[in-house]
Amino acid sequence: MPPRRWSGPSFKPRHPPLMEIAEELAKQQKAISVAEFFEKNRQILGFDSAPRALITCVKEAVDNSLDACEDAGILPDIFVQIKKSGEYFQVIVEDNGPGIVPEEIPRVFAKLLYGSRFHTLRQSRGQQGIGISAGVLYSQLTSGRPTRVISKIAPDRPAYYCELMINTSKNEPEIIKAEEVDWERPRGTRVEMEMEGSYVRSRRQSVYGSLKSAAIVNPHARLTLVEPEGNVEVFERATESLPKKAYAIQPHPEGIELGELIKLLRYTDKKKLRVFLKETFSSIGTISAQELCKKADLDPEAPPASLDHDEAVRLLLAFKQIRVKSPPVDCLSPIGEELIRAGLEKEFRLDFIATTTRPVSVYSGNPFLVEVGLGYGGELAREGRIEILRFANRVPLVYQQGACAITHAVESVSWKNYSLSQSAGSGIPVGPAVLLVHIASTNIPFTSESKDAVADMPEILVEIDLGLKEVARKLRRYLSRQSLLSERREKEEIIRKILPRIAKKLSDVLDRPEPDIGPVVAKIMGNLLVYRESEQQDGRISVRLVVENHSDLVRSFKLHEILGEKAEAISPPAKVISLGDGYDHHWKLSVGPGQKAIISYQIGANSSGPAKPVVEGLDPEIVTGARAI
């Protein structure tokens, strides 16, 4: 009898319940508005504490104002006020910019990811279109009140006033009130927000500290801050010149990724590949476009959209095989060494400043450059870690210092080699110094949407390191020179204590007048000696200024002689400047080792005696007989 075969269970499994679950889950799926996302994750945007919320709102509003003024060619004059309004703080930011047309105001202030710069490759403070609208979102979230905006685009046009909130479920603006009003300003924009916050007054992490830092790298702007207690701080502009305008460029082929290249090929309106390459990328001309097509084994006349995946890969490889020049530098607007120096001098009292600007480099196809300023001495604290001022596209980075590429680069330098203390051979150095590092780029690689720290891109780290070491070498030379001059001062003090006693003894023994020890000191110290000889004849005084160089180096300087009247018979000729109550006669001189220079002139016999000669351009420690400045 054959064995019975088991045919399985006699029941069939019931699938409908699983299908019902899947259908029910499908019904629950829905798109999330970006405004809703940031509403629930506001800490990502920098609103994770009460003090930081105020700083972030002010920073974003001021950045918008600075960008708008510069785009319009207007010297920024920005007013910031923080007022206590019941249990909330009222933030007011007002500028003299070009204003905003009425139909754009709601979207600019009350729609996240809305802006004009995201698709533009040029340096600007704002890129993502989140900044000020994030402040509006935080304001309505914590106070429940609308943001008030008033803007005017011309003196002969009325101002437009509106009250706004964000519909977070749709990421769209809701206009609570809108009307035309009179406003005394000829043009500009004013925004008022109420929010939870906490006002603190500190050097760094505060509204005051943020504006002070912004004033350093934006010396063309005047910033006025009115604090809750009524205290007024004005950061005056140090220059009347606007920064160099940054112009938009095309993407650079270096660093472009495959997915981005495929997208550009697919959606271009160009009909020929060679035209696409020439007009889509910067630094590619007719010859290099033909070379690219040849390297990739592609038809230059083929439609770009017809390229398949393998052909796009070959084109990407060809980008890496040909030599393409660096991207144009007019897309960047660096501060410049002169204005970095002016900004540091404006906000700090320093003995020494060194600056440098690195050449333009590229990371992931984005051009960037690094600027570094170092200030030393003056009124800076002798103990404690140095102050690091971090900036990206002229915007101060206040928080997350430890997570920033700038800080990491500072910590990696061996500062002991440059005369600054550093514990354990690494970390932030100690001493009376302030470091300013500015990164200018078409796309700053921030670590998060709050834009507080720059990511550790290898190319950026290398450029910061080179910039830091360049200013550090200048500091080392300065400190070495100061040490040498200090030793000279000590030696001269000892000589000046001993020689007068010897001279007095000799004059007593020989019964002769006590000699002038100045020439002897100058010879012993190897100094520049300046002395005056004069004689009176025919109602005039003939004067000779003698300059002797007792050092082993050529000394180049200006020699000033301040007289009550304009001298005559001057030899060699001098440049004479009227001072109102006298005349400044000055000569540019260069005196070699062991050589002397003689200057002669005549003045009236009744003239008051001239003051001590003044030497400009040399240290006081190497000058005898004149006042050095």
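Colleague: Does Asn 218 count as buried or exposed?
Modeller: In this predicted model, Asn 218 is found in the loop between H6 and strand E7 (222-226). Residues under 20% relative accessible area are classed as buried. Asn 218 has a relative accessibility of 1%, and therefore counts as buried.

Colleague: Which backbone oxygen lies 2.9 Å from a polar atom of the side chain of Asn 218?
Modeller: The side chain of Asn 218 has a polar atom 2.9 Å from a backbone oxygen. That oxygen belongs to Ala 214.

Colleague: How much space lies in the largest cavity?
Modeller: Rolling a probe the size of a water molecule over the atoms shows where empty space is left. The structure has 6 cavities of 30 Å³ or more. In the largest cavity, the space comes to about 130 Å³.

Colleague: Which element gives the most residues to the lining of the largest cavity?
Modeller: The lining has 15 residues, and those closest to the centre of the cavity are Arg 204, Ser 213, Leu 389, Leu 397 and Val 398. Two or more lining residues come from each of helix H6 (207-217) and strand E12 (387-392). With 5 residues, the element that gives the most is E12.

Colleague: How many disulfides does the structure hold?
Modeller: A disulfide is a covalent bond between the sulfur atoms of two cysteines. Cys 57 is buried at a relative accessible area of 1%, and Cys 162 is buried with a value of 1%. The number of disulfides in the structure is 0.

How values were computed
Residues are numbered from 1 along each chain as its sequence is written. This is a predicted model: local features need pLDDT of at least 70, side-chain atom pairs count only at pLDDT 80 or more; totals for chains, interfaces and linings use all residues. Side-chain values use heavy atoms; hydrogens and water are left out. On a 1 Å grid over the protein atoms alone, a cavity is a set of points where a 1.4 Å probe fits but cannot get out, and a pocket is an open set with protein on both sides within 12 Å along at least five of seven lines; lining residues have an atom within 4 Å of a point. Grid points are joined across faces, edges and corners, and a volume is the space filled by probe spheres set on the points. Helices (H or I, at least four residues) and strands (E, at least two) are DSSP runs, numbered from the N terminus. A disulfide is a pair of cysteine sulfur atoms within 2.5 Å. Buried means under 20% relative accessible area, exposed over 50%, partly exposed in between (1.4 Å probe, protein chains only). A polar contact is a pair of N or O atoms within 3.5 Å; within protein, one must be able to donate a hydrogen and the other to accept it, and residues adjacent in sequence count only if both atoms are side-chain atoms.
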